[in-house]
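Load the structure and read along.

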Amino acid sequence: MSTPKVTTQNGDWAEVVDKLVAEKIASRIAAKDATIWGPDAESEASIRLGWVDLHDTSRPLLAEIEALQADLRSEGLDRIVLSGMGGSSLAPEVITRTAGVELVVLDSTDPSVIKRALDGDLSKTVIVVSSKSGGTVETDSHRRTFAKAFTDAGIDAASRIVVVTDPGSPFEKLSADEGYRKTFLADPNVGGRYSALTAFGLVPSGLAGADIAELLDQAAEAAPALQADSTDNPALWLGAVLAASAGRDKAIITADGSDIVGFPDWAEQLIAESTGKNGTGVLPVAVEVTAPELRSEAADLTNALLAEKATSGVPTALTSGSLGGQFLLWEVATAVAGYLLGINPFDQPDVESAKKAARGLLDAQPEPEAAAFTDGAVEVRATEGLLDGVDSLQGAVDALLGKLDPKGYVAVMAYLDSERDADLIAIRPALAAKTDRPVTFGWGPRFLHSTGQYHKGGHPEGVFLQITGAHPTDVEIPDRPFTFGTLISAQAAGDAGVIAERGRPVLRLHLTDVASGVQQLLSLFK
Ligand SMILES: O=P(O)(O)OC[C@H]1O[C@](O)(CO)[C@@H](O)[C@@H]1O
């Protein structure tokens, strides 16, 4: 095991850290002092600080998870599918990938993703449906679809559904009414993105075979250093680099040489939803190790790297240590960053707007907006005025990039299949190299529960490239008046509408043939 370490470079945060030590911020967080973030945040903070001691309070769960896993294995059930969005799936994804055990993570509404999950061996499958609120449309739709698929296959569906939710949520009742195999009630005093070490992180990871006791041990070992009012506390330094590097409101995050797999995507949600609000915050940009941003010297960047060496001259925090320790380190650092930024790090006020817009579209089922023009396999639509005088895909992309401020960023929002359409990821570094600006890449609707908050609530300086695709095969959602294809289209259109309402440029590209559309897009950058 190794305790978390943070080394800083290219800046001096000693004064900020001294102030944090003098104000006893670390020990006050550990003591669950809800007053730290000011009177407006106090009531939310008073029910959101349960994460500080999960390495102790989650212990009783271990035996329960182990017992269920043993039962499932004895019945030959070893394919674990996890349905969950944002905080209900990002941590288990990192935990299981780092442990090298198989977990099918379902955090999409793309029909092709759903179909692939359903096409796996249902005779060996258990689905863990994780939702804190119990009302998230994606997870509700997955649950309905899997229940029917089990029944159609002659399998007792209730025996294959495991639920993780908050006590008192509508999902707890539904699970009891349906007689689902087991319901794990999570600590309600922990928000989704801080829930890595609650039942949300531990149940799917443990059932998939990860060593979750070790994870809690790692966090327990890290905790004393992270709770100390000391200039040696690594979380104070990471929080200071993220939030107190003047004018630097974009944090490039990568993991180079770390044995933790996929950590930047988890950190991205934690930072984006916690800080991106009230027109301020830190934009987390999760990138590959060869990303152009890592060599940029731009005046608005910091780097937060799970790595040993800085990659450029911008203010940098280098972090290392075990996964359990890193979870706690970044959570404390984000709470510290929230304090330094003067925001409430425990709410996500702008996520609801996109959900509401999608619901409205599902209810109204309006005729789709006509395309401004079609170029090859790509239908092109955009916010008003953006396409004036433009009649080619290249022209449309150039017009969007023409709106980029010197301090702006590009957000690629791909409502596609992350496995089938993985080639598209190459557009991220290509755009970063072309624009010399940071570029976020999110698969929809997954990113709506992560950077989606920042895009709508953070600094209003993004330009948005939305990519959707045709669905040659759609998947029904039992007892719902819409299919997965309709749902993902409404989520994309709803989100684009909300971003446009906030005055930001959005270019919407719909691929009528996804495979050739992806290649057509990538060819723009060759
Ligand atoms: O667990 P739930 O309630 O389904 O929510 C999933 C995710 O949606 C959000 O509430 C909002 O995006 C996240 O904060 C959360 O992690």
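**Terms and model**

A residue is buried if 20 or more other C-beta atoms lie within 10 Å of its own, exposed if 12 or fewer, and partly exposed in between, with C-beta atoms placed from the backbone. Helices (H or I, at least four residues) and strands (E, at least two) are DSSP runs, numbered from the N terminus.

The model is predicted: local features need pLDDT of at least 70, side-chain atom pairs count only at pLDDT 80 or more, and totals for chains, interfaces and linings use all residues. Residue numbers start from 1 along each chain as its sequence is written.

**Strand E13**

E13 spans residues 409–415, and seven of its seven residues are buried. Tyr409, Ala411, Met413 and Tyr415 point one way. Val410, Val412 and Ala414 point the other way. In a regular strand, side chains alternate between the two faces of the sheet.

**Pairing**

Strands pair if DSSP finds at least two bridges between them. E13 pairs in parallel with E15 (residues 462–469) over seven bridges. Val410 has Val463 as its bridge partner there.

E13 also runs parallel to E14 (residues 439–443), joined by five bridges. Ala411 stands opposite Thr440 in E14. The chain crosses from E13 to E14 through helix H17 (residues 427–435), in a right-handed β-α-β crossover. Right-handed means that, with the strands pointing away from the viewer, the path from the first strand over the helix to the second runs clockwise.

**Helix H17**

Ile427, Arg428, Leu431 and Ala432 are the buried residues of H17. They fall within an arc of 135° seen down the helix axis, so they line one face. The arc is taken over directions from the axis to the C-beta atoms.

Just after H17, Asp436 takes a positive phi of about 60°.
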